[in-house]
Amino acid sequence: MTDVDLAFDEQEYIPAVAQDADSGEVLMLAYVTEEALRKTRETGEAHYYSRSRDELWHKGGTSGHTQAVEEVRVDCDGDALLYIVDQTGGACHTGYESCFHRTVDGETVGEQVFDPDDVY
């Protein structure tokens, strides 16, 4: 599947960070399985594995807020991935452009780009 060895954990997951190709902003962190990575590479759109729903997840399959993957990078240990993406709409299911829209003190620093009640 890849030319590098990937270190999936005991549940067969590996974390993947999605980064906006234009701005460099970190959009989200999710997990992938071998199947999710294979689907990402086959389709050019981000696929992850939803641990809460226990199923393969095509990002934007419900919302239409897809991630076109420009490149997949692997960290030096082979235990994390970086998806460099062109994001359509918001990345976060709460309507924000990035899932990292709050500080640890609770201050909202990101932009809400859609109303989740209108989408889900």
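**View 1. Buried residues of helix 1.** Ala36, Leu37 and Thr40 are buried in helix 1 (residues 34-43). Buried means under 20% relative accessible area, exposed over 50%, and partly exposed in between (1.4 Å probe, protein chains only). Helices (H or I, at least four residues) and strands (E, at least two) are DSSP runs, numbered from the N terminus. Down the axis of helix 1, the buried residues fall within an arc of 100°, so they line one face of the helix. The arc is that of the directions from the helix axis to the C-beta atoms. Their cover includes strand 2 (26-32), strand 3, strand 4, strand 5 and strand 6. Gly44 follows helix 1 and has a positive phi, near 80°.

The model is predicted: local features need pLDDT of at least 70, side-chain atom pairs count only at pLDDT 80 or more, and totals for chains, interfaces and linings use all residues. Residues are numbered from 1 along each chain as its sequence is written, and side-chain values use heavy atoms, with hydrogens and water left out.

**View 2. The annotated cysteines.** An unreviewed UniProt entry places the feature "binding site" at Cys76, Cys92 and Cys99. UniProt positions follow the numbering used here, feature names are shortened, and annotations may be inferred rather than shown by experiment.

**View 3. Cys76 and Cys99 in their loops.** Cys76 sits in the loop between strand 5 (67-74) and strand 6 (81-87). Cys76 is exposed, at 79% relative accessible area. Cys99 is in the loop between strand 6 and helix 2 (116-119). Cys99 is partly exposed, at 32%. Leaving out residues up to four places away in sequence, Cys99 touches Leu27, Met28, Ala91 and Cys92. Contact means heavy atoms within 4.5 Å.

View 4. Glu12 is not a glycine, yet its phi is positive, about 70°. Glu12 lies in the segment before strand 1 (14-20) and is partly exposed, at 44%. Asp54, also not a glycine, has a positive phi of about 55°. Asp54 is in the loop between strand 3 (47-50) and strand 4 (55-58). Asp54 is exposed, with 54% relative accessible area.
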